[in-house]
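Subject: Structure handover

Hello,

Here is the structure for you to look through. Please open it first, then read my notes below.

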Amino acid sequence: LTGRGGARRAAGRPDEARRDWEEAVAIARRTGDRDALVPAVTAIGGPALWYWRPYGVVDGAMVEVIEGLLDGPLEPADRAALLGALGLELHYGPRGAEGERHALEAVRVARESGDVPVLARALNNYLLASFAPGRNAARRAAAEELAHLPGLPGGGEILARVFLMSCMLRDGDLAGWDRELARCERLLDAAPHTDLESMVGIARTARATLGGRWDEAEDLLGRYGDMRFGASLWGARFRRMVTTFTCRRGQGRVPEMLDELVDAAGEPDLVPLRPVAVLAAVEAGRTDLAHDLIGRWGTTVPEDWVADFLLPVWGLVAARLGTPDPQSMYERLVPYADLFVVAGMGTACWGSTHLVLAELARSLGREDTAQTHAHAALRIHRDHGLTYWEEQSKRLLG
């Protein structure tokens with residue numbers, strides 16, 4: 001059951017994989033087979049680019065099982081795997097920061113073991129468990145370490161470099177991003193693989209939106225929109241909607257997909273899409289609808305993997321509607337002023353965070369501060385040759 005779950009996850013069938021693993025865990029617990037229980041509960045921690053549980057779900061029973069196993073004697077490899085799995089299981093929910101600490105401890109244990117595959121798994125777990133605002137520098141360092149582990153198979157190296165590319169994009173290190181893309185393409189030329197090609201294709205999508213190349217972004221979405229490699233099924237829809245909305249914004253066609261966004265965001269699995277739907281209502285001139293949606297859904301942003309995208313989205317809404325509180329949003333975003341706004345691992349990129357801060361400062365009546373942010377955005381976008389976002393910066397200065 002544990003092995004079949006892994007095979008199903010690799011084949012893009014995560015719901016079936018979860019059922020296999022849950023049954024394996026139940027049998028191992030019932031029979032008291034600790035040796036079978038450890039691999040069953042740590043199966044979630046295998047190499048992956050995304051979380052595979054539904055958004056916001058914390059399996060309390062699984063957390064309890066892992067914590068019980070950690071209380072007993074373990075080989076270093078098993079302890080590292082359990083700590084990493086616990087970090088993933090706790091990511092959603094109030095213990096997310098604790099989960100990140102467990103994942104970091106897993107990396108320490110794995111390093112001391114000297115076992116490269118164990119360290120590769122632990123670093124992968126940490127990159128997911130630490131996916132939250134303010135962690136880009138630490139995650140970039142972890143991705144660099146993972147990408148340069150000796151003996152890493154080609155598929156593992158590509159996965160590591162896609163992680164690294166997402167961190168570089170946030171940093172605005174486009175030259176580094178280009179180098180990593182070239183390395184991934186050489187690896188794919190040497191050993192073609194459909195799933196690995198999809199990972200790289202998804203990374204390229206955000207770069208295309210940053211370049212204002214809307215047709216290219218939509219072409220990439222059409223070719224690589226159905227994510228596999230262990231991702232939960234809702235993630236493909238989230239990515240498709242956000243990428244398409246980004247392109248429609250750039251083309252001045254937001255009203256075309258407003259109804260579709262609002263309908264999708266109302267579904268329980270697509271909670272992260274709700275701020276995007278509110279912004280779409282604002283930009284389509286439907287402020288009445290935007291206020292209604294805020295009343296229905298609220299404005300809370302959990303500190304999870306999608307927060308570093310949704311905080312700027314709410315920042316734009318706050319600047320234009322006055323809710324959520326513009327001052328609070330400014331304070332939350334200003335530490336990340338020099339980062340680019342990126343959704344996920346490569347869904348879309350909305351230029352410099354300075355653009356959002358300029359709008360927030362202006363809404364607060366702080367025109368000098370708004371001009372400072374707008375000039376910073378203009379310089380960043382001009383230096384990188386990002387024509388579309390340069391024009392958005394000029395609009396704020398105009």
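**What I found**

Trp 214 counts as buried, at 11% relative accessibility. Keep in mind that this is a predicted model. Trp 214 also pairs with another aromatic residue, Tyr 388. The pair is edge-to-face, with 5.0 Å from centre to centre and 90 degrees between the planes. Trp 214 sits in helix 12 (residues 214–224) and Tyr 388 in helix 21 (residues 387–397), so the pair ties together parts that are 174 residues apart in sequence.

**Other aromatic rings**

How many aromatic pairs does a search of the whole structure find? The count is seven. One of them joins Tyr 55 and Tyr 92. Their ring centres are 5.0 Å apart and their planes stand at 65 degrees, so this pair is edge-to-face. Tyr 55 lies in the loop between helix 3 (34–41) and helix 4 (60–70). Tyr 92 lies in the loop between helix 5 (76–89) and helix 6 (96–113). The two are 37 residues apart, and the pair links distant parts of the chain. Both Tyr 55 and Tyr 92 are buried.

Ring pairs also join Phe 131, Phe 238 and Trp 305 into a cluster.

Two arginines are worth a look as well. The charged end of Arg 207 sits over the ring of Trp 177, 5.9 Å from the ring's centre. Arg 249 lies over the face of Trp 350, at 4.5 Å from the ring centre.

**The nonpolar core**

In soluble globular proteins, nonpolar side chains tend to be buried together. Here, the largest nonpolar core has 144 residues. Those with the most contacts inside it are Val 41, Phe 245, Leu 261, Leu 273, Phe 309 and Trp 350. Which helix gives the most to this core? Helix 17 does, with eleven residues. Take Phe 309 as an example. Not counting residues up to four places away in sequence, Phe 309 touches Val 242, Val 276, Val 341, Val 342, Ala 343 and Trp 350.

**Cysteines**

A disulfide is a covalent bond between the sulfur atoms of two cysteines. How many disulfides are there here? The count is zero. Cys 349 is in no disulfide either. The nearest cysteine sulfur to Cys 349 is that of Cys 247, at 12 Å. Cys 167 is buried, with a relative accessible area of 0%. Cys 349 is buried too, also at 0%.

**A glycine in a loop**

Gly 298 is in the loop between helix 16 (287–297) and helix 17 (307–321). Is Gly 298 buried or partly exposed? Gly 298 is partly exposed, with a relative accessible area of 32%. Leaving aside neighbours within four places in sequence, Gly 298 is in contact with Leu 293 and Trp 314. The C-alpha atoms of Gly 298 and Gly 114 are separated by 47 Å, and the two residues are 184 apart along the chain.

**The whole chain**

The chain has 21 helices and two strands. Of its 398 residues, 57% count as buried. The C-alpha trace spans about 70 × 45 × 35 Å along its principal axes. A compact globule with 398 residues would have a radius of gyration near 21 Å. The chain has 21 Å, which agrees. Among contacts with a separation of 6 or more, 62% are between residues 24 or more positions apart.

Best wishes

How values were computed. Residues are numbered from 1 along each chain as its sequence is written. This is a predicted model: local features need pLDDT of at least 70, side-chain atom pairs count only at pLDDT 80 or more; totals for chains, interfaces and linings use all residues. Side-chain values use heavy atoms; hydrogens and water are left out. A disulfide is a pair of cysteine sulfur atoms within 2.5 Å. Buried means under 20% relative accessible area, exposed over 50%, partly exposed in between (1.4 Å probe, protein chains only). Helices (H or I, at least four residues) and strands (E, at least two) are DSSP runs, numbered from the N terminus. Contact means heavy atoms within 4.5 Å. Rings of Phe, Tyr and Trp (its six-membered ring) pair if their centres lie within 6.5 Å; planes under 30 degrees apart count as stacked, over 60 as edge-to-face and the rest as tilted. A charge sits over a ring if NZ of Lys or CZ of Arg is within 6 Å of the ring centre and within 35 degrees of the ring normal. A nonpolar core is a set of buried Ala, Val, Leu, Ile, Met, Phe, Trp, Tyr and Cys residues joined through side-chain atoms within 4.5 Å. The radius of gyration is taken over C-alpha atoms; the globule rule is 2.2 Å times the number of residues to the power 0.38.
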